[in-house]
Amino acid sequence: MTQTIATVTLVVAEYDAAINFYRDQLGFALLADIEMGGGKRWVVVGPNKGGGARLLLARADSTRQHGAVGNQTGGRVMGFLETDDFAGDHAGMLARGVKFLEAPRHEAYGWVAVFEDLYGNKWDLIEPKG
């Protein structure tokens, strides 16, 4: 039996702002945006040229969920966006207004820099050593 983690939920404050960030600033593709009734939508984004997991952008609809927006992992890095062109992707993301929290650095596992999404969740942009 083959299993894959295909989609991971990310709680967001508002659908369209989240779509705009992930599509327009990170360069992700909008893979689905389906009305579900009652103000809910099935919104999925993912890397434009690649595989891996996708993100289901789920609008917060309770006090508890609103409290998780921007703090999905309690301040730790939430996601790891791997690339085969660190310098190009880093420069492009900077040009599109992505906020990096540090300068790129080389680690034993490759090149990395931490950035924030529109709500403050932390991500690593990584080019693995290969």
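**Exercise 1.** How much space lies in the largest pocket?

*Solution.* The model is predicted, with local features needing pLDDT of at least 70, side-chain atom pairs counting only at pLDDT 80 or more, and totals for chains, interfaces and linings using all residues. Residues are numbered from 1 along each chain as its sequence is written, and side-chain values use heavy atoms, without hydrogens and water.

Step 1. On a 1 Å grid over the protein atoms alone, a pocket is an open set of points where a 1.4 Å probe fits, with protein on both sides within 12 Å along at least five of seven lines; lining residues have an atom within 4 Å of a point. Volume is the space filled by probe spheres set on the points, which are joined across faces, edges and corners.

Step 2. The largest pocket holds about 740 Å³. Its lining has 27 residues, and the closest to the pocket centre are Phe 28, Pro 47, Gly 51, Leu 81 and Glu 82.

**Exercise 2.** Which element gives the most to the lining of the largest pocket?

*Solution.* Step 1. Strands (E, at least two residues) and helices (H or I, at least four) are DSSP runs numbered from the N terminus. At least two lining residues come from each of strand 1 (7-12), strand 4 (54-59), strand 5 (77-82) and helix 3 (86-95).

Step 2. Strand 5 gives the most, with 5 residues.

**Exercise 3.** Which element gives the most to the lining of the second largest pocket?

*Solution.* Step 1. This pocket has a volume of about 180 Å³. Strand 3 (40-47) and strand 4 give two or more residues to its lining.

Step 2. Strand 4 gives the most, with 4 residues.
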